[in-house]
Amino acid sequence: MLHILKKTAVSLLSISLLMGCASTASISQTAEDTSGKDGHPEMEDPFPEQTYDFTKAISDVPDDYIEACGQPGSLTRFYYTTKNYDGDSSDEIKYATVYTPYHYLSTNQYNILYLMHGYTGSADDWLGTPEEPDDIKNCIDHLIEDGSVEPMIVVALTYYDNNTDENTDNYDIYLTKGFSTEFINDVMPAVESTYSTYAASADEAGLAASRDHRLFGGFSMGGVTTWYQFCSSLKYVRYFYPASGSLYWGPDSQGKDTTFGGRFALNALTSQGYTKDDFYMYMTTGSEDYAESIVEAQISSMLLYPDTFIFGDPFTAGVNCSYGISDGEDHNFHGRLRDIYTILPIFSKKMNS
């Protein structure tokens with residue numbers, strides 16, 4: 001529980017939990033005064049309140065699931081070579097934090113989850129460090145131990161060059177989109193040539209053939225990053241978990257055009273050669289999260305295309321989009337913990353079906 005309190009305190013202090021919406025220059029801003037003032041595209045805020053009959057409740061996490069597990073997985077700092085794709089294309093070495101499950105064997109095949117932090121975050125935000133694991137890492141251990149989740153690999157990433165927070169003046173919106181090149185060219189080949197996934201090889205063909213066993217997720221600006229993976233990486237990824245972020249915080253946002261997000265996602269889907277049958281995503285936010293309105297603007301714009309984006313229960317035939325809300329949660333670490341506890345078993349079951 002101390003981990004949660006520490007994370008929440010730090011997040012509120014820095015409003016990392018603006019990890020999608022605040023800067024050191026605007027640290028005193030609140031959810032109520034972020035309309036067009038926080039670096040995101042000017043939009044009407046709040047959006048009209050929405051009610052959806054398909055909304056799911058994100059569950060509370062049992063206290064013992066945030067404690068150390070009897071069968072713990074391992075965290076490793078994994079280094080890989082990439083380029084400064086949003087700059088001069090110079091070579092750089094970065095690290096990801098990689099989780100391998102208890103009794104990991106290189107002879108087995110494992111599903112893989114990639115996770116991205118939000119604004120001002122790091123590759124250690126989701127799982128902690130090898131020296132100090134976080135509550136989410138402990139929760140994943142328990143989910144695997146109790147059989148709710150098949151043993152899987154989890155990779156926590158950063159879109160910052162050289163693993164160093166960059167002082168952008170746009171809340172990292174261009175970095176969220178630009179990370180797609182690094183993910184495809186460098187991250188997946190490096191990680192999946194080292195760790196045993198369902199990819200028979202870590203080249204384009206092997207990664208594409210194993211897309212049904214790959215999930216990408218992120219929080220806040222990491223949620224925006226997740227949306228851009230949907231818009232560019234469907235060849236390699238079937239499953240998506242965008243939390244408290246939407247295309248309306250991305251570099252392509254069209255101001256107050258509230259139909260933009262769904263249209264952009266639809267065009268990206270079709271331009272990559274995929275259909276409604278080729279993906280599944282679970283969108284989440286908190287009931288007190290200032291990102292709720294922008295997440296629901298994304299959903300509303302997607303509902304303009306009901307033949308493509310079909311919302312509902314995760315295991316109802318034909319459904320490819322689900323939406324869950326954590327009651328009482330704001331833009332915080334604890335909401336992400338609840339997400340993982342609630343929806344990782346769903347993704348695991350789908351990837352193993």
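Biologist: Which residues does tyrosine 114 touch, not counting those up to four places away in sequence?

Modeller: Contact here means heavy atoms within 4.5 Å. By that rule tyrosine 114 touches Val155, Leu157, Phe183, Val187, Met188, Val191, Glu192, Arg214, Leu215, Phe216 and Gly217. One caution: this is a predicted model, in which local features need pLDDT of at least 70 and side-chain atom pairs count only at pLDDT 80 or more, while totals for chains, interfaces and linings use all residues. Residues are numbered from 1 along each chain as its sequence is written, and side-chain values use heavy atoms, with hydrogens and water left out.

Biologist: Which residues have the most contacts inside the largest nonpolar core?

Modeller: A nonpolar core is a set of buried Ala, Val, Leu, Ile, Met, Phe, Trp, Tyr and Cys residues joined through side-chain atoms within 4.5 Å. Buried means under 20% relative accessible area, exposed means over 50%, and partly exposed lies in between (1.4 Å probe, protein chains only). The largest core here has 62 residues, and Tyr114 and Phe230 have the most contacts inside it. Helix 3 (residues 173-194) contributes the most to this core, with seven residues. A second, separate core of 35 residues includes Val149, Val154, Leu344 and Ile346.

Biologist: How do I read the sheet, and in what order do its strands come?

Modeller: Strands of a sheet pair through backbone hydrogen bonds, either parallel or antiparallel. Two strands pair if DSSP finds at least two bridges between them; helices (H or I, at least four residues) and strands (E, at least two) are DSSP runs, numbered from the N terminus. In this model nine strands form an open sheet in the order 1-9-8-7-6-4-5-3-2, with mixed pairing. Strand 1 (55-57) and strand 2 (74-83) are at the edges with a single partner strand each, so one side of each has no neighbour in the sheet.

Biologist: And strand 5: which residues are buried on its two faces?

Modeller: Met152, Val154 and Ala156 are buried on one side, and Ile153, Val155 and Leu157 on the other. Strand 5 pairs with strand 4 (residues 111-116) in the parallel sense over six bridges, where tyrosine 114 stands opposite valine 155. With strand 3 the pairing is antiparallel, over three bridges, and threonine 97 stands opposite alanine 156.

Biologist: What does helix 7 (residues 292-302) lie across?

Modeller: For angles, axes are lines fitted to C-alpha atoms, for helices over the stretch in contact, and values run from 0 to 180 degrees between N-to-C directions. Helix 7 lies across strand 8 and strand 9, at about 150° to strand 8. Nine of the eleven residues of helix 7 are buried, and these pack against helix 5 (221-232), helix 6 (260-271), strand 8 and strand 9.

Biologist: Last one: how many disulfides does the count give?

Modeller: A disulfide is a pair of cysteine sulfur atoms within 2.5 Å. The count is zero. Cysteine 139 is buried, at 0% relative accessibility, and cysteine 321 is buried at 0% too.
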